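Student: I would like to learn how to read the features of a model like this one, taking each idea in general before its particular case. Could we go through it together?

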Amino acid sequence: MPDTSGRNTGAHFVYAELKRKILTLELKPGERVYEPAMAAALHVSRTPLREAIRRLISENLLEQQPTGGVLVPVLDAATISELYEVRAAIESLMARNACLKATAADIEALHAILARNAALVEFADDAMQQGMALHATIAGIAGNSWARRFHDQISSQMERYRHFTNSSQERRDQALAQHRTLVGAIAAGDPDAAAKIAFDHVMAARDAALKAISGSVLALS
């Protein structure tokens with residue numbers, strides 16, 4: 001039986017690297033992926049590259065054109081709105097559930113993340129990581145495995161847009177204030193308030209992303 005471990009490892013590396021390039025906008029929206037050039041840049045053969053491309057197409061992170069070409073999807077306002085609306089509903093559900101299940105240790109963990117978020121709020125990437133950690137911790141406290149699964153799928157799609165929601169100091173300060181209010185509602189055991197705060201927080205991120213993208217899409221494409 002042929003040894004496929006090397007091929008599988010190569011395909012995983014190419015998949016991870018291509019996905020990173022797409023999510024960080026290193027591969028720009030609308031840019032075409034040329035297989036020979038990409039294979040040479042990554043020092044791999046065309047076989048693992050094609051496997052990675054097929055996987056990314058299935059995740060809607062690449063688009064197969066009728067002509068056979070492969071493109072990075074453009075930043076589409078309608079798609080962004082849909083993703084954020086679904087995420088807002090899921091975050092609202094998880095915040096509500098977290099109110100009912102949070103222990104004193106859970107609240108302490110959330111406050112620790114808030115403290116790190118406040119300390120790093122002037123640094124876009126670090127502030128974003130702390131915000132993601134807060135939401136992930138709330139999801140873990142909520143304990144709804146299906147909500148967590150759908151949330152993870154949507155979050156993967158949305159990573160291309162987080163740069164826009166976190167690019168200004170004003171928005172980072174606003175997000176931190178919303179995080180504090182959300183944790184306060186969870187600590188107080190107020191599910192209605194927590195659900196609304198979580199929903200409004202995500203929709204505010206949507207508005208920030210749409211506003212930033214409307215002024216940046218020409219430069220990125």
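Student: Which residues lie nearest the centre of the largest cavity, and how many residues line that cavity?

Tutor: Before the case itself, note that this is a predicted model, in which local features need pLDDT of at least 70 and side-chain atom pairs count only at pLDDT 80 or more, whereas totals for chains, interfaces and linings use all residues. Residues are numbered from 1 along each chain as its sequence is written, and side-chain values use heavy atoms, with hydrogens and water left out. A cavity is a set of points, on a 1 Å grid over the protein atoms alone, where a 1.4 Å probe fits but cannot get out, and a lining residue has an atom within 4 Å of such a point. Here the largest cavity is lined by 20 residues, and those nearest its centre are Thr165, Asn166, Ala175, His179 and His201. Two or more lining residues come from each of H4, H6, H7, helix H8 (169-187) and H9.

Student: How many cavities are there, and how much space lies in the largest?

Tutor: Grid points are joined across faces, edges and corners, and a volume is the space filled by probe spheres set on the points. By this rule there is 1 cavity of 30 Å³ or more, and about 270 Å³ of space lies in the largest cavity.

Student: What classes of residue make up the lining of the largest cavity?

Tutor: Ala, Val, Leu, Ile, Met, Phe, Trp, Tyr, Cys and Pro count as nonpolar, Asp, Glu, Lys and Arg as charged, and the others, Gly among them, as polar. On that division the lining has 9 nonpolar, 7 polar and 4 charged residues.

Student: How many helices and strands does the chain have?

Tutor: Helices (H or I, at least four residues) and strands (E, at least two) are DSSP runs, numbered from the N terminus. The chain has 9 helices and 2 strands, and its pattern along the sequence reads α-α-α-β-β-α-α-α-α-α-α. Along the principal axes, the C-alpha atoms fill a box of roughly 55 × 50 × 30 Å.

Student: What span does helix H6 reach, and which of its residues are buried?

Tutor: The expected span of a helix is 1.5 Å times one less than its number of residues. H6 (residues 124-142) has 19 residues and reaches 27 Å from its first C-alpha to its last, close to the 27 Å expected. As for burial, buried means under 20% relative accessible area, exposed over 50%, and partly exposed in between, with a 1.4 Å probe and protein chains only. The buried residues of H6 include Ala127, Gln130, Leu134, His135 and Ile138. After H6 comes Gly143, whose phi is positive, near 75 degrees. Over the 221 residues of the chain, 44% count as buried.

Student: In the largest nonpolar core, which residues touch the most other members?

Tutor: In soluble globular proteins, nonpolar side chains tend to be buried together. A nonpolar core is a set of buried Ala, Val, Leu, Ile, Met, Phe, Trp, Tyr and Cys residues joined through side-chain atoms within 4.5 Å. The largest one has 20 residues, of which Tyr84, Met94, Met158, Tyr161, Phe164 and Ile213 touch the most other members. Helix H4 (77-101), H6, helix H7 (145-165) and helix H9 (191-220) each supply at least two residues of this core, and the largest share, 6 residues, comes from H4.

Student: Why is the pair of Trp146 and Phe150 classed as tilted?

Tutor: Rings of Phe, Tyr and Trp (its six-membered ring) pair if their centres lie within 6.5 Å, and planes under 30 degrees apart count as stacked, over 60 as edge-to-face and the rest as tilted. By this rule there is 1 aromatic pair. The ring centres of Trp146 and Phe150 are 5.8 Å apart and their planes lie at 40 degrees, so the pair is tilted. Trp146 and Phe150 are 4 residues apart in helix H7, and therefore separated by about one helical turn.

Student: Where does His43 lie, and is His43 buried or exposed?

Tutor: Most residues other than glycine have a negative phi. His43, although not a glycine, has a positive phi of about 60 degrees. His43 sits in the loop between helix H2 (35-42) and helix H3 (46-58), and counts as exposed at 73% relative accessibility.

How values were computed:
1 Å grid on protein atoms, 1.4 Å probe; cavity = no way out; pocket = protein on both sides within 12 Å on 5 of 7 lines; lining within 4 Å.
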